[in-house]
Structure formats: structure tokens, C-alpha cells
Amino acid sequence: MTDVEFRDLSKSFGQHKILENISLDIKSGEFVVLVGPSGCGKSTLLRMLAGLETITSGDLLIGGVRANALPPQQRNIAMVFQSYALFPHLKASDNIGFGPKIRGETRTVIDEKVKKASGVLNLFSYLDRYPRQLSGGQRQRVAMGRAIVREPSVFLFDEPLSNLDAQLRVQMRVEIKALHQRLKSTIVYVTHDQIEAMTMADRIVVMDRGRIQQVGAPLELYDRPANKFVASFLGSPSMSFVSGSLKTTLEKTWFESAGGGRLALAGKQVPADSAVEAGIRPEHFVIGEAVDAMAIRVDVVEPTGSETHVYGAIGADTVRAVFRDRVPVRPGDLLPVSVDPGNIHLFDKATGLPL
């Protein structure tokens, strides 16, 4: 398969900058997910790779060849869209085989390619159906089959699961990941869903306001975020942030919230009285009185069966805690909590950078 390189790539519409100085190497056979909030530029970057958007400045290399001016049909790239983009008047088999047909390949070759793609995606039972007779997940598999028969160097996925219900999204995540493992293909996948990014990617590219914020393996980004934005974006439920300052003595350093609670810190060498925010993952709150503890003023309790989600506040800061046990609390209660020092992320309040 083919590697992809973005070198100081930028995109502007008039005076409005969409992407600024994007540099990224995607290795052959890698599954890379571009993730970020709506409007961050991730879909525009994908469309530039596909040849559907022009490049304002910088270079795009596909397989070591500069592809800035290369038309889409010459890039050997297949794209799966959010809307499926199937021909409603063609059966599933004809949708899958449409690309080889317009390239003039023989009926025998087309049938063989359709058969192979259908086997990979478990579509044999649906080949004689029209798109209107298929479920959302089946339509998406047909769209993927159409991409597979092109035998591309790179697969592009533009939020392909956003139109599916929750159960189908889980199923399709598994199928796309399995497809990657079978084909050993290079995949660039765009989503705003951090769960998709965390569960599917070899590497995640977190974007915000047209710039790359951090690149790395999913757990690397989850455990060691480069800034407050990355910390807040990855994780579901998202990280909570509590404002406060750092206090220190010769014996220890601790975080003191604006509301008066305190948390012990592990080996943090930072100036005392620094204005900081403590980032805490919902699953890292521990119930119980401790020498260094805080209290959550409970606003909402959500029992999910396997977990209890507690929404509330520490001082003026909104927090969300997730417990594996069933917690007997009600709105208005004060819930004492502590956090293991190794699970506390500290961010400079002014810059959002980690301490």
C-alpha cells in the first residue's frame, strides 16, 4: 500500500483560513483517524487528499509523488461518504461493480470483484436488492464494497457512521476495523466521535481551528494530552476541570480548589500559588472521606445498570463522575471524593498547557 505525506499544507477560501501548516506522515497500511469538532478542517483535509478541494499552499505526496495537481481519478484513492452516495436505480451488485464497469472491464472480471468484495463484507444475501430495500448498515457496506473493488492505494472514510443508530455504529466500527486487518490497507478516517477514534485508530490526529493539536496512539493521547483541548475532547464522558491553585511545603505539594477542597499531588515541581486547573477523568473519582479530598454537590444521578453517572459541581466548576458501583446519592447531597495523585492532570489556567 501507499504512504501519504502532508507538508505545510494550507487551505484558504478568500481571506478565511481553513487549514494552516498541516504536516503529517501516514505510513503504508496505517489506520489514521482525523478527529475534532465541527468546522476544525478535518473533512476539508480529507477532500484535499481525494482531489476534491484545491491546495492553497504546501505539498501533498502520495507514494512519494507530488499530487497537488493530480486529478482525483489518477490518485488511486477510494472514498466512502457519510451519505452512502449509492445509485437508487441500481441493485447492490451493480452499485458495487459500477467503477470497474465504467473502466471497461469485462463482465467476468466485474463479477469476480463483486463476489470477492461481497464475501469480505457479508453481502451475498443483499446483492439483488435496491438501496431502498437495505438498512443503513447494509447500504454502508455496499458503499464500502464499491470502494474495495477499485483496489485503491488509500481508503478515505468521511464520517461514514454518523447516519446510523447507536447499535449499528458499534457493529460497523468492528466491521471497518476487521476490513482494515484483512486488507492491510491504508485508511484515513474522519469523525467527530472520539469513541470511534479511540477504538479504531492506530494513530489519532486531533485537530482544532485548522491546526493539528496532537498526533499519537489512542492511549498515549488519552493518558498524556498535549493541552487542555485534547484532554477535554478525548474521552467519553469527557474530562472534568476544577479551578484552583497549587500549595506547597517542604514535605508535599497539593492542589487546592477555589471551593476549598484539596488533592495531594505526586512529584509536581511547579511554583506555589500558580493558577491552574486540575483535569480529572470521570472514572478516576473515588468515593470516600480522605485527608486530601473534595465534595461534589450532586445535581443529577444517572444509573445505567453497570455504572452510576453523577453530575454535579465542585465549587463553581461542573464535574461528572462515573462509578462502577451503584451509588445511593440524590440531588442536593454532598458526595466526598478523592483522586489518586497519579491520575490528576494539571494545566496552566492561562495557556491550557500541561504542567
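Six bridges tie strand β11 to strand β14 (residues 275-280), and the two run antiparallel; strands count as paired if DSSP finds at least two bridges between them. Helices (H or I, at least four residues) and strands (E, at least two) are DSSP runs numbered from the N terminus. Within this pairing, G244 sits opposite V276 of β14. β11 also pairs with strand β12 (residues 253-257), again in the antiparallel sense, over five bridges, with T248 opposite T253 in β12. The link from β11 to β12 is a hairpin through four residues. Seven of the nine residues of β11 (residues 240-248) are buried, so this strand is largely enclosed by the rest of the structure. Buried here means under 20% relative accessible area, exposed means over 50%, and partly exposed is in between (1.4 Å probe, protein chains only).

All of this comes from a predicted model, where local features need pLDDT of at least 70, side-chain atom pairs count only at pLDDT 80 or more, and totals for chains, interfaces and linings use all residues. Residues are numbered from 1 along each chain as its sequence is written, and side-chain values use heavy atoms, with hydrogens and water left out.

On to the helix α5 (residues 136-148): its 13 residues reach 18 Å from first C-alpha to last, close to the 18 Å expected at 1.5 Å a residue (the expected span being 1.5 Å times one less than the number of residues). α5 is mostly covered, with eleven of its 13 residues buried, among them R141, M144 and I148. The cover over those buried residues includes β6 (77-80), α2 (92-96), α4 (107-121), β7 (154-158) and α6 (166-183).

As for the rings, the structure holds five aromatic pairs. Rings of Phe, Tyr and Trp (its six-membered ring) pair if their centres lie within 6.5 Å; planes under 30 degrees apart are stacked, over 60 edge-to-face, and the rest tilted. F31 and Y189 make a tilted pair, 5.9 Å centre to centre with 40° between the planes. That pair bridges distant parts of the chain, F31 in strand β3 (residues 31-35) and Y189 in strand β8 (residues 186-191), 158 residues apart. Both residues, F31 and Y189, are buried, and together with F157 they form one aromatic cluster.

Charges turn up over rings too: the charged end of R262 sits over the ring of W254, 4.2 Å from its centre, and R281 lies over the face of Y222 at 3.9 Å from the ring centre. The criterion is NZ of Lys or CZ of Arg within 6 Å of the ring centre and within 35 degrees of the ring normal.

Notes:
Contact = heavy atoms within 4.5 Å.
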